[in-house]
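Q: Please take me through this structure one feature at a time, giving the general idea before each case.

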Amino acid sequence: MTRLLSAMLLLSLLPPAWAAPNGQPVKWLDYGSKALEQARREGKPLFMVLTATWCQWCHAYERESLHSPEVAALLNKNYVPVWVDVDRRPDVAARYPGRGLPRTVILNPAGGTEASVAGYIPGPQLRDNLRKTLHLITPGATVQEAPSPKALLAPGKLLEGANEQIERQYDPIYHGFGHEAKFPHPGVLNFMLSGDARDGRRVHETLKAIAGEASWQRQLPGGLFDPREGGFYRYSTQRNWSEPHVEKLLGLNAQLVVVALKVYGQTHDAQARAWAESTLYYLMGRLGARSGEFYASQIADTAYYRLPPEGRGKRAAPAIDRRHFAAPSAQMAIALFEASEVLAKPDYAVRGRVVLAALAKRVDSRGAIAHDWGDGQDAGLRGILDDQAWSALAMLEGWRLTRERAYLTHAEALLAFIARERQAAAGYRLSEEGAVILDANAAAALAFARAYRVTGKRGYARAARHAMSMGMERDLEAGYGWLAARWLGSPHGR
């Protein structure tokens, strides 16, 4: 508990990157020691909402349920309401793991988790639950931190488990992975593209399904690709890639550009090239900033994306989150460098170097990079594992293409910070007091493995292995860790 309270005090001192909404009937607080101290002092539970700017159901939840008069009155009187944007506070989201947004978490006055519910809750149901919850709270319950892996996994065992997961979860009918909702899993696709011809064919078929161009989609339209404006949506709610959630995220689109370009390089499929180029056009036009950097996301708006082209022209486009985030910016730089090489268009590399310059500005003397920035101000949150790893990977790509020493220097500083400040018994912590999150460790493993291949320094290979903890072999979100395990077999070259 002492460690947790000290961490909360540290978090409360950070300048807020994005504050809770003002001018609303609920008196929202940002997550930190102020909210926790108020809950303890007043003996009230905390009502915490985890949300995201791009999430359409999050906005519906806020508008239709949270800010209804009855719910707002209950929250203000009986709870300490706390608002968390998961993009801006991944360290907080990692403390309360779960899938799906919005997510509602009830904490007792001591900070212990009493309940966690994913998804939209209708106003009347939320009102009734809030009344019931007050009688179920255990005031003295202790804080339960998110569990971390306890053991490391050898690269060979990781590869063995990864191949087993691909065979178990690959969908031979509709392609992709799983038999319910479908996510693209670009890390897994990149891993498979480094494998044999059979894996390559599966990736090609999956990319077609993601883009809505598989054979069955002539009768049942679907897919995640927006053929009118370009770009990929986040995921599909159905096994056959239909009924997508239509938010567009910079990082996911950048990763899918790389997948499409690699498929094009292997197959010479003109469609794969077209999807990559159309997505780059969308990203540079809609999410591109005047500075040459890239904005974070475009909000979901199902009604807008269902309109015909002439209808879209009469309606305002969905709003854009005009913050810059380190990890997706780095992923975009990597996509631009890949496009410059595969498509033989140097202008993409020029834009990629602009992004690297913006990232380099955010690295402090310790090697810690700012999580996000905008309006001339960096957020106080620094050293998040995903940001460190992806920024290092982007810098290593910049060095490979240009041989400018500064890029390699930045990459090694970012990686040194991970090894020095984030190491746990098994894997690396997401933040200073955070848990070991598998997808973030997958990115760290890839960054260290890449550095090993570039420099031949054995310390990077050891660091990559330290990121490979138990559970990574079963988690599709950890696909980049699988690729890292494969890379460790070849120390030099691309």
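A: P102 is found in the loop between α5 and β4, where helices (H or I, at least four residues) and strands (E, at least two) are DSSP runs numbered from the N terminus. This is a predicted model, in which local features need pLDDT of at least 70 and side-chain atom pairs count only at pLDDT 80 or more, while totals for chains, interfaces and linings use all residues. Residues are numbered from 1 along each chain as its sequence is written, and side-chain values use heavy atoms, with hydrogens and water left out.

Q: Which peptide bond is cis?
A: Most residues other than glycine have a negative phi, and most peptide bonds are trans. Here the bond from L101 to P102 is cis, with omega near -5°.

Q: Where are H175 and H268, and is each buried or exposed?
A: H175, though not a glycine, has a positive phi of about 70° and lies in the loop between α7 (155–169) and α8 (186–193). H268, also not a glycine, has a positive phi of about 60° and belongs to the loop between α10 (250–267) and α11 (270–286). With a relative accessible area of 12%, H175 is buried, whereas H268 is exposed at 63% (buried means under 20%, exposed over 50%, partly exposed in between, with a 1.4 Å probe and protein chains only).

Q: How many disulfides does a search of the whole structure find?
A: A disulfide is a covalent bond between the sulfur atoms of two cysteines. The search finds one (the criterion is a pair of cysteine sulfur atoms within 2.5 Å), and it joins C55 to C58 with an S to S distance of 2.5 Å. The torsion about the S-S bond of C55 and C58 is about 80°, so the disulfide is right-handed. Both cysteines are buried, and C58 is one of the buried residues of helix α3 (residues 56–66), among which are also Y61 and L66.

Q: How many aromatic pairs does the structure hold?
A: A pair of aromatic rings is described by the distance of the centres and the angle of the planes. There are 16 pairs (rings of Phe, Tyr and Trp, the last by its six-membered ring, with centres within 6.5 Å; planes under 30 degrees apart are stacked, over 60 edge-to-face, the rest tilted). Y31 and Y96 have ring centres 6.1 Å apart and planes at 75°, so this pair is edge-to-face. The two residues are 65 residues apart, with Y31 in the loop between β1 (29–30) and α2 (33–42) and Y96 in the loop between α5 (90–95) and β4, and both are buried. One aromatic cluster is formed by W28, F47, Y79 and W83.
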